[in-house]
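Welcome! Below is a short tour of a protein model for someone meeting this structure for the first time.

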Amino acid sequence: MDKDNLPVGTRVSHEKYGEGIISANNDLTYKIMFERGGEIEFSKLSVELEVVEAVEADDDQPKLNIRDFEKVLTHILNKYNGIEHKADLGKKWQGGTMILQPANAELKPKEMPIETFFHKIVMMRDRLRVLEQNINSSDSLTDEEKVNLQQYISRIYGSMTSFNILFEDKEDYFVGAK
């Protein structure tokens with residue numbers, strides 16, 4: 001199969017982003033929808049992809065437009081918990097700024113919108129959940145190895161409970177080992 005002309009719908013694997021599905025094939029680029037990372041556009045000249053599941057281009061079939069494709073993909077990822085859960089920032093923090101002030105007065109403080117910091121925390125949590133699912137569904141790990149890795153993830157959740165003050169809903173809180 002010609003790697004410079006993979007049809008829309010082909011499942012591919014990328015070293016950094018994992019598995020994804022080609023959502024657009026342009027003259028010079030591919031747009032690929034990844035479970036981790038969303039939609040990313042790559043140059044055909046520089047991207048290294050491994051074809052996981054090829055689909056044959058069929059000129060007789062009507063083309064699936066990108067909106068329809070996104071709806072189908074979103075439905076599938078939601079069904080299998082592949083898309084992050086939307087967590088809301090607490091109202092008292094909205095529009096706020098986080099300031100990190102170094103002890104050395106000669107250094108400038110770092111400021112960032114709380115929404116940006118909160119988004120990064122939620123993304124970490126969602127990626128931990130995906131990691132957890134991958135561990136649980138792994139065929140190459142023994143049950144003992146799975147339990148040991150789960151304990152580390154529980155400890156990570158416990159370390160992140162300090163960030164619970166940022167969440168609007170208690171259902172979104174981090175919970176460590178009980």
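This is a predicted model: local features need pLDDT of at least 70, side-chain atom pairs count only at pLDDT 80 or more; totals for chains, interfaces and linings use all residues.

## A first look at the model

Met-33 is buried, having a relative accessible area of 17%, where buried means under 20% relative accessible area, exposed means over 50% and partly exposed is in between (1.4 Å probe, protein chains only). Met-33 is part of strand E3.

Residues are numbered from 1 along each chain as its sequence is written, and side-chain values use heavy atoms, with hydrogens and water left out.

## The whole chain

The protein chain holds 3 helices and 7 strands. Here helices (H or I, at least four residues) and strands (E, at least two) are DSSP runs, numbered from the N terminus. Along the sequence, the pattern reads β-β-β-β-β-α-β-β-α-α. Of the 178 residues in the protein chain, 29% are buried. Contact means heavy atoms within 4.5 Å; among contacts with a separation of 6 or more, 45% are between residues 24 or more positions apart.

## Around strands E3 and E4

Gly-37 sits in the loop between strand E3 (29-34) and strand E4 (38-43). With 42% relative accessibility, Gly-37 counts as partly exposed. Gly-18 is 19 residues away from Gly-37 along the chain, and their C-alpha atoms are separated by 9.1 Å.

Strand E4 includes Glu-41, which is partly exposed at 44% relative accessibility. Which residues does Glu-41 touch, not counting residues up to four places away in sequence? They are Asn-26, Thr-29, Tyr-30 and Lys-31. For Thr-29, the C-alpha to C-alpha distance to Glu-41 is 6.6 Å, and the two are 12 residues apart in sequence.

## Charged pairs

Side chains of opposite charge can pair when their charged atoms come close. A salt bridge is counted when a side-chain nitrogen of Lys or Arg lies within 4 Å of a carboxyl oxygen of Asp or Glu. By this rule there are 5 salt bridges, including those in the table.

| Salt bridge | N to O distance |
|---|---|
| Arg-11 and Glu-19 | 2.4 Å |
| Arg-11 and Glu-53 | 3.0 Å |
| Arg-125 and Asp-126 | 3.7 Å |

Arg-11 pairs with Glu-53 through a salt bridge. Arg-11 belongs to strand E1 (residues 11-14) and Glu-53 to strand E5 (residues 49-53), so this pair ties together parts that are 42 residues apart in sequence. Arg-11 is partly exposed, with a relative accessible area of 27%. Glu-19 is partly exposed at 42%, and Glu-53 is partly exposed at 43%. Through shared partners, salt bridges join Arg-11, Glu-19 and Glu-53 into one network.

Are Arg-125 and Asp-126 buried or exposed? Both are buried.

## Helix H2 and its neighbours

Arg-125 and Asp-126 are among the buried residues of H2, which also include Ile-114, Phe-118, Leu-128 and Ile-135. Helix H2 (residues 114-137) has 24 residues and spans 35 Å from its first C-alpha to its last, close to the 34 Å expected at 1.5 Å a residue. That expected span is 1.5 Å times one less than the number of residues in the helix.

What do the buried residues of H2 pack against? They pack against strand E6 (97-100), strand E7 (110-113) and helix H3 (143-159).

H2 and H3 pack at an angle of about 170°, and their axes are 10 Å apart. Axes are lines fitted to C-alpha atoms, for helices over the stretch in contact, and angles run from 0 to 180 degrees between N-to-C directions. H2 and H3 are therefore roughly antiparallel to each other, a label given to angles over 145 degrees. Among the residues making this contact are Arg-125, Leu-128, Glu-132 and Ile-135 of H2, together with Lys-146, Leu-149, Ile-153 and Tyr-157 of H3. The residues of the contact divide into 7 nonpolar, 2 polar and 4 charged. In this grouping, Ala, Val, Leu, Ile, Met, Phe, Trp, Tyr, Cys and Pro count as nonpolar, Asp, Glu, Lys and Arg as charged, and the others, Gly among them, as polar.

Definitions and conventions
Angles under 35 degrees count as roughly parallel, over 145 as roughly antiparallel, 65 to 115 as roughly perpendicular and the rest as oblique.
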